[in-house]
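The tour below moves from one selection to the next and states what is to be found at each stop.

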Amino acid sequence: MIRLAFPLLFSAALFAIGVYGVLARRNGVLVLMSIELMLNAVNVNLVAFNQFLTDPVFTGQIFTLFVITVAAAEVGIGLAIVILIYRNRQTINVDEVNLLKW
Amino acid sequence: MTLQEWFFTALALVGTVAALRLVTAKNVVHAALYLVVTLAAVAAVYLLLAAEFVAWVQVLIYVGAIVVLLLFGLMLTRAPIGLEVLDNQQRGSSAIVAGGILAGLTILLWDAFEGAEIELTVSTTADVGDNLFRSYILPFEVVSFLLLAALVGAIVLARREEG
């Protein structure tokens, strides 16, 4: 028996740390890592509520699997973009990449 | 507190401290290694919540694949060492925003779920797989197509142009 507040507070802490990382880091790969932290926070929530509601079709756990898959796709594309930017500009600092800034 | 809650607290502390070190690390490779610790702690939390399949998928995909991918990204893009070059000038306001989110979420969650308890029932890999291929077969196929598209997109983006 675990109180539901324990996993929820853990996930809130992970999410807040991820938000800090996305806002404060300027290295592109570190920003991607912080996004992974936030996705993990969501996954912890999904699994906790799945066990709390005793879902007969395991919606929370299966949704977690989908989130992990989409995170893998996102990291693949994100790193490809980061490497392309590095090749063209010799930097991956996200505040120096302002090609689309008007 | 029950025994499970003590173990959960220990794991959550390890994961949270590693996550904090991840966003404050001076060296990008150290940050990636702290990410491994956080992801492993989350996997252990899944095991503690009796969701074994998700826990092993977390270990395989996150610790096994995504971290290796991130390390390759770090290897191919030379990053300098030091907090000043890795962080921008908004550290203070970022900390305020993150602290505000944490405080707000804590108050709301505590208010909504203070007395709620999880009665742990073990969900085996067989159960999860059964429901994945019975109730969620269409999303499963869509996700596999998404992975294929992401793979092709990543290859097209990262390939060096000839000539």
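**First stop: a loop residue of chain B**

Begin by selecting B:Ala50, which is partly exposed because 17 other C-beta atoms lie within 10 Å. In this classification a residue is buried if 20 or more other C-beta atoms lie within 10 Å of its own, exposed if 12 or fewer, and partly exposed in between, with C-beta atoms placed from the backbone. B:Ala50 is found in the loop between H2 and H3 of chain B. Helices (H or I, at least four residues) and strands (E, at least two) are DSSP runs, numbered from the N terminus. The phi of B:Ala50 is near 65°, a positive value in a residue other than glycine. Most residues other than glycine have a negative phi.

**Conventions**

This is a predicted model, in which local features need pLDDT of at least 70 and side-chain atom pairs count only at pLDDT 80 or more, while totals for chains, interfaces and linings use all residues. Residues are numbered from 1 along each chain as its sequence is written, and chains are lettered from A and ligands numbered from 1 in the order in which they are written. The model scores ipTM 0.92 and pTM 0.92.

**Second stop: chain B as a whole**

The average for chain B is 91, and 99% of the residues score at least 70. Chain B contains seven helices and one strand, in the order α-α-α-α-α-β-α-α along the sequence. Its radius of gyration is 20 Å, well over the 15 Å that the globule rule gives for 163 residues, so chain B is more spread out than a compact globule. The radius is taken over C-alpha atoms, and the globule rule is 2.2 Å times the number of residues to the power 0.38. Along the principal axes, the C-alpha atoms of chain B fill a box of roughly 60 × 45 × 25 Å. Of its 163 residues, 26% count as buried.

Next, colour residues 1-86 and 124-163 of chain B separately; these are domain 1 and domain 2 in the domain assignment. Such bounds come from an automatic or database domain assignment. The C-alpha centres of the two domains of chain B lie 23 Å apart.

Select B:Glu119, in the loop between E1 and H6 of chain B. Is B:Glu119 buried or exposed? With 9 C-beta neighbours inside 10 Å, B:Glu119 counts as exposed.

**Fourth stop: where the chains meet**

Show both chains. Here 78 residues of chain B are in contact with 63 residues of chain A, two residues being in contact if their C-beta atoms, placed from the backbone, lie within 7 Å. Which element gives the largest share of the side of chain B that touches chain A? That element is H3(B), with 13 residues. By class, this side of chain B has 54 nonpolar, 17 polar and seven charged residues. Ala, Val, Leu, Ile, Met, Phe, Trp, Tyr, Cys and Pro count as nonpolar, Asp, Glu, Lys and Arg as charged, and the others, Gly among them, as polar.

Now select strand E1 (residues 2-3) of chain A together with E1(B): the two pair in the antiparallel sense over two bridges. Strands are said to pair if DSSP finds at least two bridges between them. The bridge partner of A:Ile2 in E1(B) is B:Ile118.

Chain A has three helices and one strand, running β-α-α-α from the N terminus. Its radius of gyration is 17 Å, well over the 13 Å that the globule rule gives for 102 residues, so chain A is more spread out than a compact globule. Of the 102 residues of chain A, 54% count as buried.

Select A:Leu39 in helix H2 (residues 28-53) of chain A. A:Leu39 counts as partly exposed, with 19 C-beta neighbours inside 10 Å. Leaving aside neighbours within four places in sequence, A:Leu39 is in contact with A:Val67 and A:Ala71.

Finish at A:Phe58, in the loop between H2 and helix H3 (59-89) of chain A. A:Phe58 is buried, with 26 other C-beta atoms within 10 Å. A:Phe58 has a positive phi of about 55° although it is not a glycine.

Conventions. pLDDT is the predictor's confidence in each residue, from 0 to 100.
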